[in-house]
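Me: I would like to learn how to read a protein model step by step. Could you take me from the overall layout down to a single residue?

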Amino acid sequence: PISGTIIYGKNDELVSLESILNLKKRLSMQKNIDVKFDQISNANHFYKNKEKDLSSSINRYIKDKSTII
């Protein structure tokens, strides 16, 4: 695995919150990686009508990473 961000919808009908939390736990045990998790309220698996929130989350991650470099 590599560092990055995982964005998920709070109302995802295809991937359960339990699966997300399990992935988060497993990735946190990996050495030398940093994976951020960001939840978007009221978003489904495809972020329908939440595209702005998705875009904001991605932009925040990029901005945070670009200020580190």
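This is a predicted model: local features need pLDDT of at least 70, side-chain atom pairs count only at pLDDT 80 or more; totals for chains, interfaces and linings use all residues.

Me: What share of the residues of the protein counts as buried?

Reply: A residue is called buried when its relative accessible area is under 20%. Of the 69 residues in this protein, 22% fall into that class, while the accessible surface amounts to about 5,400 Å², with 52% of it belonging to carbon and sulfur atoms.

Me: Where does Asp12 lie, and which side chain of opposite charge is nearest to it?

Reply: Asp12 sits in the loop that runs between β1 (4–9) and α1 (17–28). For a salt bridge, a side-chain nitrogen of Lys or Arg has to come within 4 Å of a carboxyl oxygen of Asp or Glu. Asp12 is buried and has no salt bridge, the nearest side chain of opposite charge being that of Lys10, 12 Å away.

Me: Which backbone nitrogen does the side chain of Asp12 reach at 2.7 Å, and with which residues is Asp12 in contact beyond its neighbours within four places in sequence?

Reply: The side chain of Asp12 reaches the backbone nitrogen of Leu14 at that distance of 2.7 Å, and a polar atom of the Asp12 side chain also lies 2.9 Å from the backbone nitrogen of Val15. Once the neighbours within four places in sequence are set aside, Asp12 is in contact with Ala43, Asn44 and His45.

Notes. Residues are numbered from 1 along each chain as its sequence is written. Side-chain values use heavy atoms; hydrogens and water are left out. Buried means under 20% relative accessible area, exposed over 50%, partly exposed in between (1.4 Å probe, protein chains only). Accessible areas come from the Shrake-Rupley method with a 1.4 Å probe; for residues, only the protein chains shown count as cover. Helices (H or I, at least four residues) and strands (E, at least two) are DSSP runs, numbered from the N terminus. Lys and Arg count as positive and Asp and Glu as negative; His and the chain ends are not counted. A polar contact is a pair of N or O atoms within 3.5 Å; within protein, one must be able to donate a hydrogen and the other to accept it, and residues adjacent in sequence count only if both atoms are side-chain atoms. Contact means heavy atoms within 4.5 Å.
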